[in-house]
Amino acid sequence: MKTIAVLLLLACVGIKSSAQSYDDFTTQNESRLRISFIGHGTLMFDWNGKIIHIDPWSALANYDTLPKADYVFVTHHHGDHLDSVALSKVFTLDTKIYWSKTCAKQSRFKANAFIVANNDTTETPDFSFIAVPAYNIVHKRNNGMPFHPRGEGNGYIFIFDNLRVYVAGDTEDIPEMKSFGSIDIAFLPVNLPYTMSPEMFKSAVLMLKPKIVYPYHTGKTNLNDLIDLLSGIKSTEIRIRSLQ
C-alpha cells in the first residue's frame, strides 16, 4: 500500500476538540469519506454515497431517522455492539452484514450476513477491509476470563482508495498492532476495565502511528489525560469527539 497523500479537510497536527457530529475526508482520487460520530463504539461512514453502520446501537440514536445501511460491521457480540433493534432499523434486503462467528450464532439475521475471522481480507464492490484481532490480555473478569477473549471479536481496517481507517472494537494494546501497516485514522477504545487504560492507549498510538486518532468508547475516562499523554507525539493528531 502506498504512502497516503490524503487531503484532510479538517486536519493539522495537534489537538482538535469539537462537538460536531461528523468529519469529512477526501482521498487522492477525490472521493469523499464522511465519518459520523453516533456515540460510544458506534459510527456511521458515508463512502461515496454508500452507508456503512458500525456497531449500531439503538440506545444512542433513533435509527428511523438515519440512512439505511449498504453495509453493517459488528465487532463482537456484546449488547452495546450487537443490537437486533438497531439492525432491524438499518437493514434492507440489499444490506451486507459482516461479523464474527459468535455474532452469527446469536442473531436472527441470516440473509447477506458473512462471517469474517481475524486476519481475513475481504473485497466488497465498494472498498476492501481486513478483520484484525481485538482482545484483552490484562483485564479480566472475576473468574479469570478476559473481558474479550482472543479470537472472539474483530477490529476492522477499512481501505478507501488510499485511506486506511482502523476501528479497533473492544481491545487492549495488543502486539499485533505492530503489523497492521500504515494507519491514517484510528478509533481506539479507552474504558477501564473493559478495554484500554490511558497508558495502553498511548502504547497503541506508538505502535500504529496513525495520522489522526479518535478516542472512542471512552466511558468515564478523563480525556485530558489522553491529551497529556500524547502531547509529545507530534506525528499524531488527537481528535476529541462525543464518543462516551
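Me: Which residues of helix H3 (residues 198-208) are buried?

Reply: In this predicted model, the buried residues of H3 are Pro 198, Met 200, Phe 201, Ala 204, Val 205, Met 207 and Leu 208.

Me: And what covers the buried residues of H3?

Reply: The cover includes strand S13 (163-167), strand S14 (185-189) and strand S15 (212-216), along with helix H4 (223-229) and strand S16 (237-240).

Me: Why is His 139 called buried?

Reply: Buried means under 20% relative accessible area. His 139 has 15% relative accessibility, so His 139 counts as buried. You will find this histidine in the loop between strand S11 (128-134) and strand S12 (153-160).

Me: Which residues does His 139 touch, not counting those up to four places away in sequence?

Reply: His 139 touches Pro 146, Phe 147, Glu 172, Leu 192, Pro 193, Thr 195, Ser 197 and Met 200. Met 200 is also one of the buried residues of H3.

Me: What makes the pair of His 139 and Thr 195 a polar contact?

Reply: The cut-off for the pair of N or O atoms is 3.5 Å, with one able to donate a hydrogen and the other to accept it. Here a polar atom of the His 139 side chain lies 2.9 Å from the backbone oxygen of Thr 195.

Me: Why does Asp 126 count as partly exposed?

Reply: That class sits between the 20% and 50% limits. Asp 126 has 28% relative accessibility, so Asp 126 counts as partly exposed. Asp 126 is in the loop between strand S10 (121-123) and S11, and is in contact with Trp 47, Lys 50 and Tyr 71, leaving aside neighbours within four places in sequence.

Me: How many cavities of 30 Å³ or more are there in the whole structure?

Reply: The search finds one. The largest cavity has a volume of about 50 Å³, and its lining includes His 76, His 77, His 78, Glu 152 and Asp 170.

Me: How confident is the predictor in the protein chain?

Reply: The chain averages a pLDDT of 92, and 92% of the residues score at least 70. Over residues 1-13, though, the pLDDT is below 50, and this stretch has 30 contacts in the model beyond near neighbours in sequence.

Terms used. Residues numbered from 1 in each chain as written. Predicted model: local features only at pLDDT ≥ 70, side-chain atom pairs only at ≥ 80, totals over all residues. Heavy atoms only, no water. pLDDT = per-residue confidence, 0-100. Contact = heavy atoms within 4.5 Å. Helix = DSSP H or I, 4+ residues; strand = E, 2+ residues; numbered from the N terminus. Buried < 20%, exposed > 50% of the residue type's maximum accessible area, 1.4 Å probe, protein only. 1 Å grid on protein atoms, 1.4 Å probe; cavity = no way out; pocket = protein on both sides within 12 Å on 5 of 7 lines; lining within 4 Å. Points joined across faces, edges and corners; volume = space filled by probe spheres on them.
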